[in-house]
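Thank you all for coming.

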Amino acid sequence: MNNENDLPEVPEGWGFVQTMDRRDFLKLTSFGLLVICAIDPLLGMAGALPAQTSPLAAPDFNSFLHIGANGRVTCLVGKIEMGQGIMTALPQLAAEELSVPLSSVDIVMGDTDICPTDAGTYGSLSVRVFGPILRAAAAEARAVLVQMAAERLQLPVSDLDVRDGVVVSKTDRTKHVSYGELTAGKRIERRLEGQAVLKQVGAFTIMGKSAPRRDALDKVTGKAKYAGDIAPSGALHARILRPPSHGATFVRADTSAAEAVPGVRVVRDGDLIAVLHAHRDEATRALALVKATYSPSPSTLTHETIFEHLQKVAPEGRASGSRGNLADGEKLASQVVEQTYLKGYVAHAAMETHSAVAVVENGKVTVWAGTQTPFPLKTQIARALNLAPEKVRVITPYVGGGFGGKSTSMQGIEAARLAMATGKPVRVVWGREEEFFFDTFDPASVFKIRAGLDAAKKIVFWDNVIIGPGERGSALFYDVPNHRTLVRSGWSGNTGGMHPFGVGPWRAPGANANVFARESHIDVMAAKAGLDPVEFRMRNLTDARMRRVLEAAAKRFGWSPKPAPSGRGFGVACGIDAGTYVATMAEVKVDKGTGKVQVVRVVCAQDMGIVVNPEGAAQQMEGCITMGLGYTLAEEVRFKDGVVLDTNFDTYELPRFSVVPRIETVILDSPDLAPQGGGEPAIITTGAVVANAVFDAVGARVVQLPMTPARVKGAMKG
Amino acid sequence: MKPISFLLNGVQHNLTVDETRMLLWVLRDDLGLTGTKFGCGEAVCGACTVLIDNEAVRACFTPMSAVGGKRVVTIEGLAHDDRLHPVQEAFVKHVGFQCGYCTSGMIMGAHAMLLKNAKPTRAQIVEGMEPHLCRCGAHVRIVQAIESASAAMAGGAR
């Protein structure tokens, strides 16, 4: 450490997530420059951009940056790192706008005592929506520091430039002062007033270039800490009694045999019955000794009957997009195509199960949790324990995959309740069966699409009734003069008892199902028209951005026009998500004997605006496509009478190495558009592109996801 | 409870434990080695892969009775004197991870595979890594990393 007033030293270029406590941090900030930003991050997360910054009025200050006396910069963000790479990308934004070396920037994430309030890490918002806020804060900090340097050096601001954290005179290079020298011993608070002047794309030296991941060394050495790895001294592992099915109600439990096991402690706190032991496996064994009685679930639904049920009970819905008049459109149609599309429930199945560790000290609860929503979790814990919010701190270490599934974090509340009840630190690490049971699945979906073509092979009407997934991804970007999209229920909540268990956001919530249905149906119509699927899309598409993305994909793929089924096994699908345009092409082989689909090659082109970290963006695209092959080919949660039948990976099949095709990613140069989403868009086209390629290969239209061998064979038989 | 002695990351360990307990929880809860991850508890995901006498095993499904007298290597024992093992180096270089939760198991599995077959073909890598699950979809890069580690080790990297 260069200066006792500075931040703790961290390895060069490395982030840290849990090395500071608030007291230390507040002490430190009094000696450095603290940029106070007037944005309400909750608003920010909902979509507000820095243009919406208002003059500071509320006392709820939020600080995003700390510049220490040694010149090191710390980004403070309420977001979390779950593999998507923002621990690496966000410091790039700050370093760029501050004009400091990337290696001098650290990041603290997801700590509710240190970081500014944040609604959660989801929706591909971190770079797209939080990014501009962080950039604006950094740009303002830079401007403030240059003003301070001008005073110190007695030079006009116009004569000053910043290089690597040093403000230097343009005319006399011997005149300079570093950020560290400027901030030493001073506390300066500035508010962002108006809009900070952000750097232009042409001036970027850090943004737009691939930066090495900050989490690499931690993750390849086993040093990376996840919530379940936090082991406070004297901690007990808790295993919690769970019902056998959704809808089952608790009658009674006899815990005496478990209590008799040496080292075991049993907690009964209202609806929560837990067996605790210093070793998780011994707690698990003791839990098995609990004799519990539940009354059975009233649910009689299964993964096969669910689609009929959904159509019966879904609310009437509302039109999410419409134009013209369907009846007028139908009069123009020479061909009408109607089809129902189905998709089953899909699990998040992050490799890390929901985990949390809670410690109670001096009336304050600290919870380390694998969560996408540390701030909402803090509020929930405070409510559950009847504590003032300031008596709860949530710290988010590395998260072992989220995909939306860790937007709910019940395990954090359980750990806090049990720590309170026992007075001991408590670790809660869900088993895989708990993970499958309590997962908020991607909802099962039903689509009924009816659409017509005129003699010129243009789409003249489009009627899409959507049950289950909500509207995300359903927008019709083709030129259709008469269309209606009716959305009956969304992916959140459980209107009218539609689902026998929890449903919730799953990577690009709803868009995977919606794009599967729309892009399948577009291909069905292309086939009716006897046109090549790309040509048919182009004929019905004037959106310049989408045309450009589709052309880029076709060029890389080497697409040559041929109406499907051509026997080649080529497919195409397009979509828009989180502001990003995607066009994907795939080549598949179908085993006509077994119905098994092997995806051989995928090309994905994406216009995501300005790219902060191209290598990181490509990783997300590859991950999206690979993960997407799961819901496309095999993943479907099976259940009966409230019991989730899939409880582990022996029956629930994630994509394995042999499933993964050759993947080529194309990111379009798009310097005039601000950075858009990167963590979700490339997954949304996977179902449709494979379905369309299967049709092209064997002439069979598979209308239900996942496309299991049996369903493909069924479709081939007609 | 039974005395069990074994070599763990080159260090002799003498424990008195219930020999029916699984190695994973002894590593994590008794010995504080949390680099080995719990993913499924049924030997179907690979996150807890460690080496016993150079064979890849699932620690969640390996009772302590099978560990006595053996050499156990976990992810913590792979780097030497802060020098990464070539497989670790390659995972960094090719970014063979995202969330990192399966990574310890992936690296140990790849390491064990390369001990048996120093120059696997791409098809052999895919076959060898098939039991390992990665939800983030880093597969393409993991395969590249293993190819690269194999080449580096053939060139003399340890």
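This is a predicted model: local features need pLDDT of at least 70, side-chain atom pairs count only at pLDDT 80 or more; totals for chains, interfaces and linings use all residues.

Where is the place of Pro706(A)? Pro706(A) sits in the loop between strand E29 (704–705) and helix H19 (709–717) of chain A, where helices (H or I, at least four residues) and strands (E, at least two) are DSSP runs, numbered from the N terminus.

Residues are numbered from 1 along each chain as its sequence is written, while chains are lettered from A and ligands numbered from 1 in the order in which they are written.

Let me stay with the backbone for a moment. The bond that joins Leu705(A) and Pro706(A) is a cis peptide bond, with omega about -5°. Another cis peptide bond joins Ala564(A) and Pro565(A), with omega about 0°, and Pro565(A) lies in the loop between helix H16 (544–557) and strand E23 (570–577) of chain A. As background, most residues other than glycine have a negative phi, and most peptide bonds are trans.

With that in mind, please look at Ala578(A), which is not a glycine and yet has a positive phi of about 50°. Ala578(A) belongs to the loop between E23 and strand E24 (580–590) of chain A. Is Ala578(A) buried or exposed? Ala578(A) is buried, because 22 other C-beta atoms lie within 10 Å; the cut-offs are 20 or more other C-beta atoms within 10 Å of its own for a buried residue, 12 or fewer for an exposed one, and partly exposed in between, with C-beta atoms placed from the backbone. In chain B, Asn54(B) also has a positive phi, near 70°, but Asn54(B) counts as exposed, with 11 C-beta neighbours inside 10 Å. Asn54(B) is in the loop between E3 and E4 of chain B.

Now to chain A as a whole, whose domain assignment gives domain 1 (22–207), domain 2 (227–296 + 354–429) and domain 3 (306–346 + 441–717); such bounds come from an automatic or database domain assignment. The centres of domain 2 of chain A and domain 3 of chain A, taken over C-alpha atoms, are separated by 39 Å. The contact between them takes 9 residues from domain 2 of chain A and 10 residues from domain 3 of chain A, where two residues are in contact if their C-beta atoms, placed from the backbone, lie within 7 Å.

Chain B is divided into domain 1 (2–77) and domain 2 (86–154), and here the centres, again taken over C-alpha atoms, are 21 Å apart. That contact takes 14 residues from domain 1 of chain B and 13 residues from domain 2 of chain B. On the side of domain 1 of chain B that touches domain 2 of chain B, the elements giving two or more residues are strand E3 (49–52) and strand E4 (55–58) of chain B, and E3(B) gives the most, with 3 residues.

As for its overall fold, chain B has 5 helices and 5 strands, which follow the pattern β-β-α-β-β-β-α-α-α-α when read along the sequence. Buried residues make up 54% of the 158 residues in chain B. Among contacts in chain B between residues at least 6 apart in sequence, 62% join residues at least 24 apart.

How do the chains meet, and how many residues of chain B are in contact with chain A? There are 44 residues of chain B in contact with 47 residues of chain A. The elements that give two or more residues to the chain B side are helix H1 (23–30), helix H2 (86–94), helix H3 (103–116), helix H4 (122–129) and helix H5 (139–154) of chain B. By class, the side of chain B that touches chain A has 25 nonpolar, 12 polar and 7 charged residues, with Ala, Val, Leu, Ile, Met, Phe, Trp, Tyr, Cys and Pro counted as nonpolar, Asp, Glu, Lys and Arg as charged, and the others, Gly among them, as polar.
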